Amino acid sequence: MGKLTDYFWYCGSGNQVSVEDILNDIKKSKLENNLVEIHIGTDSDPNGKKFANATGIAIRFPRNGCRYYWTRTYLDPKKNKNLGVRLNAEVNQTILIAEALRKSLKINLDIIIHIDSSGDLSRLSGKYTKQLKNYALGMGFKVKIKPNSWAASCIADKHAKKMNL
């Protein structure tokens, strides 16, 4: 999946929205407030027969909260049991969506990638963080990791674990 239209998108309240709605919201928000930031993160949850992979796109209004959109896909649990493989799938999905967003918007806008991985090497995800972070940086994105990766660890996590809308 490489196009934004390949996904079903929802606003924070669970109502389905179109890609055009998301793009227009971002453009309008940026025009009204040049300080607006776009944050994108993905989290996965191994919940049964398939692993949910949810991605959140947050439009952040500094010192004034955010509005977000999300989508969910599913991973084959047989191919994604390993934490490193799952984390790579999360970051890859985040970057694919961020790239598609960047191409669709055609405006000067920093996109910040949130990676649900810790910089602490004593944590299970710690040994993967450097590689994941460098992948996103190499693609031209700013990066946040745990504990500051709220788009992945809060928004995406909520929708990866929640099986209904």
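**From values to words**

Tutor: We start with R63, which is exposed at a relative accessible area of 80%. This is a predicted model.

Student: Why is R63 called exposed?

Tutor: The word exposed is used for a relative accessible area over 50%. R63 has 80%, so R63 is exposed. R63 lies in the loop between strand 4 (51-60) and strand 5 (66-75).

Student: What is the phi of R63, and what makes the value worth noting?

Tutor: Phi of R63 is near 60°, a positive value in a residue other than glycine. Most residues other than glycine have a negative phi.

Student: How do you know whether K106 is buried or exposed?

Tutor: The relative accessible area of K106 is 73%. The cut-off for exposed is over 50%, so K106 counts as exposed.

Student: Which peptide bond is cis, and how do you know?

Tutor: The peptide bond from K146 to P147 is cis, with omega near 10°. Most peptide bonds are trans. P147 is placed in the loop between strand 7 (142-146) and helix 4 (150-161).

Student: Is H114 buried or exposed, and what makes it so?

Tutor: H114 has 1% relative accessibility. Buried means under 20%, so H114 counts as buried. H114 is found in strand 6 (residues 111-118).

Student: Which residues does H114 touch?

Tutor: Not counting residues up to four places away in sequence, H114 touches H39, I40, G41, T42, K144, N148, S149, W150, A151 and A152.

Student: Which backbone nitrogens does the side chain of H114 reach, and why are these called polar contacts?

Tutor: The side chain of H114 reaches the backbone nitrogen of W150 at 3.2 Å. The backbone nitrogen of A151 lies 3.1 Å from a polar atom of the side chain of H114. A polar contact needs a pair of N or O atoms within 3.5 Å, one able to donate a hydrogen and the other to accept it. Both distances fall within that limit, so both pass the distance test.

Student: What makes S117 buried?

Tutor: S117 has a relative accessible area of 0%. That value is under 20%, so S117 is buried. S117 is placed in strand 6. Leaving aside neighbours within four places in sequence, S117 is in contact with L87, S125, Y128, T129, L132, I145 and K146.

Student: How far apart are S117 and S13?

Tutor: S117 and S13 are 104 residues apart in sequence, and their C-alpha atoms are 27 Å apart in space.

Student: Where does G14 lie, and why is G14 called buried?

Tutor: G14 lies in the loop between strand 1 (9-11) and strand 2 (16-17). Its relative accessibility is 14%, which is under the 20% cut-off, so G14 counts as buried. The C-alpha atoms of G14 and H159 are separated by 9.7 Å, although the two residues are 145 residues apart along the chain.

Student: What is the setting of H159, and what makes H159 buried?

Tutor: H159 lies in helix 4. Its relative accessible area of 1% is under 20%, so H159 is buried. Leaving aside neighbours within four places in sequence, H159 is in contact with G12, A54, Y68, W70 and R72.

Student: What joins the side chains of H159 and Y68, and how does the value compare with the limit?

Tutor: A polar contact of 2.9 Å joins them. The limit is 3.5 Å, and 2.9 Å is within it.

Student: How many helices and strands does the protein have, and in what order do the elements run?

Tutor: The protein has four helices and seven strands. From the N terminus on, the elements run β-β-α-β-β-β-α-β-α-β-α.

Student: Why is the protein called as compact as a globular protein of that length?

Tutor: Its radius of gyration is 15 Å, close to the 15 Å that the globule rule gives for 165 residues, so the description applies. Of the 165 residues, 50% count as buried.

Technical notes. Residues are numbered from 1 along each chain as its sequence is written. This is a predicted model: local features need pLDDT of at least 70, side-chain atom pairs count only at pLDDT 80 or more; totals for chains, interfaces and linings use all residues. Side-chain values use heavy atoms; hydrogens and water are left out. Helices (H or I, at least four residues) and strands (E, at least two) are DSSP runs, numbered from the N terminus. The radius of gyration is taken over C-alpha atoms; the globule rule is 2.2 Å times the number of residues to the power 0.38. Buried means under 20% relative accessible area, exposed over 50%, partly exposed in between (1.4 Å probe, protein chains only). Contact means heavy atoms within 4.5 Å.
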